[in-house]
Structure formats: structure tokens, C-alpha cells
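User: Could you walk me through how to read this structure, a feature at a time?
Analyst: Happy to; here it is.

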Amino acid sequence: MSRGTLAFVGGGEFSAGCDFDAALVARSGAREVVVLPTATAYENPARLKARAEEWFGALGAGCRWLDVYRRVDAEDPAAAAVVADATMIYLTGGSPLHARSTLMRTAVWEAVVGAFAGGTTVVGSGAGGNVLCDHMVDVRGGAFTLGLGLTDELAIISRADTLSAERISRTVRLAPRDLPVAAVAERSALICPTGGSWETVGEVVLYRGGARIALEDLAG
């Protein structure tokens, strides 16, 4: 099935150390990155917006910030049209549960799904990456709940460098046996380019069936 590049960032988006963003922008050919800050609704999104605009500006791209924080925003046809036309979409961190409840089965989310199927690059950082998965790690306890389901290939433990080994181990143990789990540190990334195999940048540890696996064992 044709699809765009999919990237999971562990967190700490739009800051020094996230140099992989330059390659993502270049690969996508994006002149403007569409940012969905839904998960950041309660975490001072205005401050993150300023950082995103400066960050992407330094990479030679514009930043189209969409104020999609409530379901009414996610049903806005104008916002959905912007997403549908995007060549690169970036979901920020914060609360995956808020992002899920806001975006699920809305016009904006359907636009994300359609754009990705048509070749658009989709990046999720922190909670924005967790929620992209069908099996979403529940940040309240490390177990699994239902995500938005853009991919069912794996689950993501974001900000893994800030979590205890016990917390990560619990999530790995609770995962379905055949489901890969990626523990991604802040300012690190797991990337699957269009038509390619998974790549890692920085600190990414992969598990399946309760044991660590190598990158080449993660199907592309």
C-alpha cells in the first residue's frame, strides 16, 4: 500500500538535537509544515507555536499552525482542507488522551489519513506519536488503550529517557506478543520513509515478545 513517510519523535520537538527534522522536510519537499497541536491544548501552545515557527523557518520551511484543540475545531472544513493539501504534518506532544478524544472520527483526522495514504509525511512527537498507533500506550499507567490507528505496525513509548526501567518493562510485558514496541528518547526518532525500511536516530530501543530486537527485525 502506498503511503507517506512516518516518523515518531520521542519528544522535545522543535529544539536543538532534533536535526532529523531537516531530512524530513527535505524528503517531503514541504515548503510549509502543517502543525496539529491538539495534544498540547493545555500546555501553553502559544509558546510552542513561536518555537515551531522559528525552528522550521531555520530549515527553510513555513509553519502553518492549526488551532485544533476541540472537536468543533477538528470538524472545521477549512482546517481539514489545509491538512488534506499538506505535504508534511506534525503532531505535537502533550496529552494523547485529549488528542484521541478530540480527533477521532473527525474531518481533520480523516484528512490526515487520506493525506498519509497519498504520500504525505506524518510526524508525531511524544503524545502526538503515541496516538498515531492503533495500540496506544496509556501514559497514566503504561498499559495499552485504543489510539487513532494510523498504523498498527507497532506501539510507541515516548520520552523513554524520562521513564523508569520498571515502567518501560511493564509496557513491554503487557504488549501483544507479536506487536513491536519502540522506546524512543526525547530528541530521538524512529522513521520509516516511503517505500523504505525503518531507521533510527538517537536513542531508540525495540522490543517484541518481551525481548529486545534489532532494527532489521522490525518490518518496513
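User: In which loop is the place of R187?
Analyst: R187 sits in the loop between β9 (181-184) and β10 (189-192). Strands (E, at least two residues) and helices (H or I, at least four) are DSSP runs, numbered from the N terminus. This is a predicted model, where local features need pLDDT of at least 70, side-chain atom pairs count only at pLDDT 80 or more, and totals for chains, interfaces and linings use all residues. Residues are numbered from 1 along each chain as its sequence is written, and side-chain values use heavy atoms, with hydrogens and water left out.

User: What is phi of R187 near?
Analyst: The general idea is that most residues other than glycine have a negative phi. In this model, phi of R187 is near 60°, a positive value. R159 also has a positive phi, near 50°, and R159 lies in the loop between β8 (155-158) and α8 (165-174).

User: How many disulfides does a search of the whole structure find?
Analyst: A disulfide is a pair of cysteine sulfur atoms within 2.5 Å, and the search finds zero of them. Take C18: the closest cysteine sulfur, in C63, is 14 Å from its own sulfur, so the pair is too far for a bond. For C133, the closest cysteine sulfur is in C192 at 13 Å, again too far for a bond. C18 is buried, with a relative accessible area of 0%, and C133 is buried at 0% too.

User: What is the radius of gyration of the chain, and how many helices and strands does the chain have?
Analyst: The chain has eight helices and 13 strands. Its radius of gyration is 16 Å, close to the 17 Å that the globule rule gives for 220 residues, so the chain is as compact as a globular protein of that length. That radius is taken over C-alpha atoms, and the rule is 2.2 Å times the number of residues to the power 0.38.

User: What percentage of the chain do buried residues make up?
Analyst: Buried residues make up 54% of the 220 residues. The C-alpha atoms fill a box of roughly 45 × 35 × 30 Å, taken along the principal axes.

Conventions
Buried means under 20% relative accessible area, exposed over 50%, partly exposed in between (1.4 Å probe, protein chains only).
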